[in-house]
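Hello,

Here is the structure I promised to pass on to you. Have a look at it first, and then read on for what turned up in it.

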Amino acid sequence: MKKRQVVVKRDGSTRICATSSSAIRSVRYAECQKNHAASIGGYAVDGCREFMASGEEGTSDALTCAACGCHRNFHRREVETEVV
């Protein structure tokens, strides 16, 4: 039987070493970065400036942008961490 070694990598920016403080994380999705011309070898984005959810939080429509119709993963993710 072979042994397996599992390595877990942690991002240093998400680790908080303060004992009596708390952190507030806010995630915002900015402009769409989906390349619509990738199939023909070009580069073209649709110009959607910010993610707007199509539906309520917790539904499958919450992951689709109302402006461009793309999935939320195509939008640039901005994470802001504030230590209080």
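**What was found**

Let me begin with Asp61, which is partly exposed, with a relative accessible area of 45%. Please keep in mind throughout that this is a predicted model. Asp61 sits in the loop between strand E1 (23-32) and strand E2 (75-83). Apart from residues up to four places away in sequence, Asp61 touches Ala53, Ser54 and Gly55. Asp61 and His71 are 10 residues apart along the sequence, and their C-alpha atoms are 9.4 Å apart in space.

**The protein as a whole**

The protein has 84 residues, and 12% of them count as buried. There are 2 strands and 0 helices. Its accessible surface comes to about 7200 Å², with 48% of that belonging to carbon and sulfur atoms. If you take the contacts between residues at least 6 apart in sequence, 46% of them join residues at least 24 apart.

**The core**

Which residues make up the largest nonpolar core? There are 6 residues in it: Tyr29, Cys32, Cys48, Phe51, Cys65 and Cys70.

A search of the whole structure finds 1 aromatic pair. It is formed by Tyr29 and Phe51, whose ring centres are 6.0 Å apart; their planes stand at 65°, so the pair is edge-to-face. Because Tyr29 lies in strand E1 and Phe51 in the loop between E1 and E2, the pair ties together parts that are 22 residues apart in sequence. Are these two residues buried or exposed? Tyr29 has a relative accessibility of 17%, under the 20% limit, so Tyr29 counts as buried. Phe51 has a relative accessible area of 13% and is therefore buried as well.

With neighbours within four places in sequence left aside, Cys48 is in contact with Glu31, Cys32, Cys65, Ala67, Cys68 and His75.

That list leads on to His75, which is found in strand E2. His75 is buried, with a relative accessible area of 3%. What does His75 touch, not counting residues up to four places away in sequence? The residues are Tyr29, Ala30, Glu31, Cys32, Cys48, Glu50, Phe51, Cys65, Cys68 and Cys70.

**Charged side chains**

Side chains of opposite charge can pair when their charged atoms come close. How many salt bridges does a search of the whole structure find? There are 4.

One of them joins the side chains of Glu50 and Arg28, at 3.5 Å from N to O. This pair links distant parts of the chain, with Glu50 in the loop between E1 and E2 and Arg28 in strand E1, 22 residues apart. Glu50 is partly exposed, with a relative accessible area of 41%, and Arg28 also counts as partly exposed, at 37% relative accessibility.

Arg28 forms a salt bridge with Glu78 too, where the closest N and O atoms are 3.2 Å apart. Here again distant parts of the chain are linked: Arg28 is in strand E1 and Glu78 is in strand E2, 50 residues apart.

Glu78 in turn meets Arg76 in a salt bridge between their side chains, at 2.8 Å from N to O. Arg76 counts as partly exposed, at 30% relative accessibility. Through shared partners, the salt bridges join Arg28, Glu31, Glu50, Arg76 and Glu78 into one network.

**Around Phe74**

Lys34 lies over the face of Phe74, at 5.1 Å from the ring centre.

Asn35 and Phe74 are 39 residues apart in sequence, while their C-alpha atoms are 9.1 Å apart in space. Asn35 lies in the loop between E1 and E2 and counts as partly exposed, at 26% relative accessibility. Neighbours within four places in sequence aside, Asn35 is in contact with Gly42, Tyr43 and Ala44.

Enjoy exploring the structure!

Best wishes

Methods. Residues numbered from 1 in each chain as written. Predicted model: local features only at pLDDT ≥ 70, side-chain atom pairs only at ≥ 80, totals over all residues. Heavy atoms only, no water. Core = buried A, V, L, I, M, F, W, Y, C linked by side-chain atoms within 4.5 Å. Buried < 20%, exposed > 50% of the residue type's maximum accessible area, 1.4 Å probe, protein only. Contact = heavy atoms within 4.5 Å. Helix = DSSP H or I, 4+ residues; strand = E, 2+ residues; numbered from the N terminus. Areas by Shrake-Rupley, 256 points an atom, 1.4 Å probe, with all protein chains shown as cover. Phe/Tyr/Trp six-rings, centres within 6.5 Å; stacked < 30°, edge-to-face > 60°. Lys NZ or Arg CZ within 6 Å of the ring centre and 35° of its normal.
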